[in-house]
Structures are given as structure tokens and as C-alpha cells.
Amino acid sequence: MTSNKCPFHYKLPSLMDIHTITSLPWTTLYTQSAEENVTSSSVMATYALAMTVMFTVFVFAIEHALDHRQALAYKITTFPKMLEETVSKIDDEKKAAAKKDESKEKEEEEGDKSKKDLDKDKPLLPQLKEKFTKAQCYGTDKLEFGMFSAVYGLFESVIFLLVGFLPYIWDYSVSLGEDYFGLNESDNEIKITLIFLLVITVIGTITSLPFELYSTFRIEKKHGFNKQTPALFFTDKVKSLFLSCLIGGPFVAALLKIIKWGGEHFYVYVWAFMFIFSVFMMTIVPVVIMPMFNKYEPLPDAELKTRIYALADRLQYPLTKLFVMDGSKRSSHSNAFMFGFGKNKRIVLFDTLMDQVSDDEILAILGHELGHWKLGHTWSNFIVTQLYTGASFYCFSLCYKAIDLYRAFGFDGIDRPIPTIIALLLFFQTIWAPVDKILSFALTIFSRMNEFAADRFSVDLGMSKTLQTGFCSISSLENLGAMCPDPLYAAYHYSHPPLVERLSAMMKLDKKSN
């Protein structure tokens with residue numbers, strides 16, 4: 001069976017027709033009708049494509065300006081005075097505490113002989129100053145590469161919009177479905193949608209692969225973080241693509257089915273489905289999916305394990321299992337996280353974290369993480385996510401039948417149905433994009449507030465000093481985090497407050513408590 005709808009059989013407009021985008025309404029070079037778009041007097045048809053392109057460029061311009069500010073911050077060669085004053089106070093307090101209890105310090109040193117490369121007796125400030133240049137170079141490399149990637153991303157996004165990438169790939173997917181599987185666009189929309197998403201995924205994987213390879217095997221390796229082999233990298237990539245098809249395919253099919261079945265109020269059913277799916281993923285990801293990529297072993301019986309369980313009991317955290325994850329096989333970056341529902345909670349420590357900080361600092365960091373749980377941040381974030389999902393799909397329901405929106409992006413085929421997946425993609429790329437940017441910024445602010453609250457919780461547990469030294473170790477000494485970030489850049493991008501702000505806030509709390 002040979003289809004006459006394959007985009008390769010269409011005569012694409014010549015490059016001379018690019019003048020059509022110089023006046024409103026802008027039109028895509030490729031359209032389903034393969035003819036000049038029928039003009040419409042509606043606001044949507046006139047401004048949709050032009051406003052989407054301009055908003056994309058506008059966001060890029062703002063973020064590029066912030067990147068430039070941060071680039072200047074990374075060129076600073078003098079250690080930041082505020083951080084120096086703050087860390088000096090930590091060193092002075094640590095020295096005074098050591099003099100008061102030398103015997104206890106000796107016991108801790110005996111218990112921590114296995115910790116390598118930890119200059120526990122050496123003040124933090126000289127270590128931070130020693131790492132400052134390296135942190136600036138690491139930040140510069142990441143930022144410059146990020147700026148280059150952003151320029152490419154802008155170019156790709158704008159070109160794809162103007163040439164009509166989506167209608168072209170959709171028609172190509174229809175052609176594949178008809179030629180190889182005997183699928184009809186009207187009767188088999190969901191199956192053709194899966195073909196469409198597969199094609200998009202393949203293209204996205206190919207275009208993003210060079211950037212991922214350079215980031216991992218050039219930048220991260222240059223600064224001593226990458227531990228991945230090329231074989232492990234590509235194995236992870238294949239596993240991720242397999243899981244995307246295995247889980248993402250049925251998810252998308254069910255979502256589209258609900259939208260079509262749900263009628264005028266389909267957003268209610270979609271919200272319920274998304275809620276159930278979120279809970280399902282939160283359940284299987286740490287138990288089934290994550291072990292496919294990393295090894296999880298029980299934390300060996302030792303004093304640290306006893307102290308962690310004691311902390312959990314103190315806070316009435318129903319800890320059932322405690323794991324160590326082999327994060328070191330991919331990177332020397334460190335972390336710790338918690339997961340689980342109800343009375344079946346688990347904590348995971350990166351093996352790199354255990355090598356980089358002392359037991360007391362691990363306890364303080366876990367006190368911070370447990371603070372998120374105790375203060376309800378986990379549930380508040382989950383609720384915010386669900387509200388966001390419900391609001392976005394409700395707004396989508398109001399625009400679902402906006403035919404002029406889809407025609408503006410090349411879906412102008414006569415008597416052809418508008419694919420639901422296309423309606424979703426264009427809605428989130430156009431109408432919802434400004435809303436998403438505003439809400440994302442608000443959630444970033446909300447996240448920083450939660451981080452300060454969790455720090456305060458750990459301080460109230462009496463762990464302020466070790467939390468401060470722990471943050472210095474994992475943020476700047478080991479992970480080479482930015483020590484002097486630009487304030488505007490940090491306000492826009494950082495979900496966690498800058499190190500100096502967190503240290504200063506904890507010191508103020510210490511003064512109040514004293």
C-alpha cells in the first residue's frame with residue numbers, strides 16, 4: 001500500500017518563499033495542505049506563530065543576560081569577602097569547641113580513620129581558598145558550554161517552528177503507519193501518535209547526544225568528576241530509551257484515550273489519572289527502575305548506622321531500610337535522598353558522600369533531609385505538582401478546539417483531524433509557556449524557602465555546626481559549587497540558596513538560641 005500523504009512526496013516551498021514570515025500572519029514553510037495558508041482574521045491565527053517565536057527569543061535573551069552576569073562572577077579571582085568572614089567564624093567556633101573537649105575529638109578521629117582525604121583538623125577557610133580557583137574554572141566551563149547549548153537550542157526551536165517541523169514529522173508518521181502497518185489517521189490516531197513520538201525521540205536523542213558526550217567526557221572528566229566509561233554511558237542511554245518506550249508508550253496512549261473519552265470535562269479524569277500515575281511512578285522508580293542503573297547495598301552495621309536509626313526514631317520517621325548506592329561508578333558528586341510511603345521509609349547514601357564528610361556531618365545532612373519530611377515539604381511539593389497539573393489541563397480544555405492555533409503552525413489539512421498530541425504540544429509550547437515560566441520561578445522561590453526551613457530544623461536539632469561544615473565540604477570542597485554566584489543569576493536559577501546565605505542564616509539562628 002503506497003500513501004500519497006508522505007511528506008517526501010510533497011513539493012516543499014522554495015527558500016524564496018521565506019519572505020512570507022516578514023509580515024503577519026507568519027506561516028510555516030511546510031503545511032499539510034502543501035499550499036499557501038488560508039489567511040484568517042482571528043487573533044490566534046495572526047499572532048500565534050510570531051508571538052511564540054518572539055517569546056522564545058525573549059526568554060533566551062533574559063537567560064543569556066543572566067548567564068553573562070554569572071560568567072563575570074566566575075572571572076573573579078579574589079576569594080569572596082562575605083564567605084571568608086562567614087567561614088572564618090565557623091573555623092573559630094570549631095577551634096574553640098575542640099579545645100574544650102580534646103578527648104572527644106580524639107575518639108571521633110579514631111572512629112573516622114576510614115575517611116580519606118578529609119582534612120578534619122585543618123580549618124575550612126584555607127581548604128576553600130585552595131579550591132576557589134578550581135571551582136571558578138569548573139563553573140566557567142559548565143556555563144560557557146551551557147550558553148553554547150542554549151544558542152543551539154534557540155536556533156533549533158525557532159527553525160523547527162518556522163519550517164513546520166511538527167506537521168512534517170506528523171505527516172511522515174502517518175505515512176509510516178499507512179505504508180507498513182495499514183493504519184488510518186482517523187481511526188488509528190493513538191497508534192500513529194506512538195510512531196510520531198518514537199520518531200521525535202530518535203531525532204531528539206541524535207541531536208542531544210553530542211552535547212551529553214561533551215559534558216560527560218570532556219567537562220566532567222577534565223575536573224575529575226566523571227567516572228563513567230563510554231560503555232556504561234551508552235548502556236544507560238539504551239536502558240533509558242527502553243524504559244521510555246515501555247512506560248511512556250502506554251502512558252501516552254491512556255492519556256489520549258481519556259481526553260477523547262472524557263468529553264467536555266475530560267480534565268477532571270486526566271487529573272485523576274495523572275495523580276494515580278504519579279503515585280505509581282513514585283512507588284516503582286526507587287524499587288524497580290533505579291536498581292537497573294545502580295547497586296543498592298545495606299549500610300554495614302557500625303556506629304553510623306546506629307546513629308541514623310536513633311535520629312529517625314527521635315523524629316518518629318519510620319525508617320525500615322538504609323542503603324549505600326554506588327554513585328561513584330558514574331561520578332564523584334555526592335548526595336543522599338529518602339523515599340517510601342506510609343510506614344515503609346528508606347534512606348539512600350551515595351558512597352561518595354560517606355568518603356567526603358564525617359559521620360557527624362552525615363547525621364546533620366540527614367537531619368536537614370528529615371526536616372523536609374517533618375515539615376511537610378514532601379507533601380506540599382506533591383500537592384503543588386498536582387494543582388499545577390490540574391490547572392494546566394483545565395486551561396488546555398479551554399483551548400482544545402482552537403483550530404486557528406493549529407493552522408498557524410501548519411496543521412491546515414482540509415478535512416483532516418487535529419491530533420490530540422499535537423494539540424497538547426502546541427498548547428504547552430505557546431499559550432501555557434509564559435504561565436509555566438512564571439510558575440517555575442515561583443516554585444524556585446518556594447524551594448529556597450523550604451531549604452532555609454529544613455536548615456533551621458537541623459539547627460534546632462543541635463546540628464548547626466556540623467551542618468555548616470558538611471555544606472562547605474560537599475558544596476564547595478568536593479562538588480566545586482559556585483562560591484560567589486551572581487545574585488540575579490542565583491535568584492532565577494537556584495532551587496537551593498547559595499552557600500554563604502545558608503551559612504549566614506544558620507549563624508543568626510545560633511546567636512538567637514544562645
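Glycine 376 follows helix 11, and its phi is positive, near 80°. This is a predicted model: local features need pLDDT of at least 70, side-chain atom pairs count only at pLDDT 80 or more, and totals for chains, interfaces and linings use all residues. Residues are numbered from 1 along each chain as its sequence is written, and side-chain values use heavy atoms, with hydrogens and water left out.

Helix 11 spans residues 359-374 and lies across strand 3 and strand 4. It runs at about 40° to strand 3 (axes are lines fitted to C-alpha atoms, for helices over the stretch in contact; angles run from 0 to 180 degrees between N-to-C directions). Helices (H or I, at least four residues) and strands (E, at least two) are DSSP runs, numbered from the N terminus. Buried means under 20% relative accessible area, with a 1.4 Å probe and protein chains only. From first C-alpha to last, helix 11 reaches 22 Å, close to the 22 Å expected at 1.5 Å a residue (1.5 Å times one less than the number of residues).

Four strands form an open sheet in the order 1-2-4-3, with mixed pairing. Strand 1 (296-298) and strand 3 are the edges; each has a single partner strand, so one side of each lacks a neighbour in the sheet. Neighbouring strands are turned by 30° against each other on average, direction ignored.

Strand 2 (residues 319-325) pairs with strand 4 (residues 344-350) in the parallel sense, over six bridges. Pairing requires at least two DSSP bridges between the strands. Phenylalanine 323 stands opposite valine 348 in strand 4. Helix 9 (residues 303-314) packs on the sheet and touches strand 2 and strand 4. The direction of helix 9 makes about 140° with that of strand 2.

## Helix 8

Helix 8 (residues 266-289) bends by about 25° at threonine 283. The bend is the angle between axes fitted to the seven residues ending there and the seven starting there. Proline 286 follows within four residues.

The buried residues of helix 8 include Phe266, Tyr267, Phe273 and Pro286. The buried set packs against helix 7 (230-261), strand 3 (336-341) and helix 12 (377-399).

## Whole protein

The protein has 18 helices and four strands. Of its 514 residues, 46% count as buried. Among contacts (heavy atoms within 4.5 Å) with a separation of 6 or more, 78% join residues 24 or more positions apart.

Definitions and conventions:
Buried means under 20% relative accessible area, exposed over 50%, partly exposed in between (1.4 Å probe, protein chains only).
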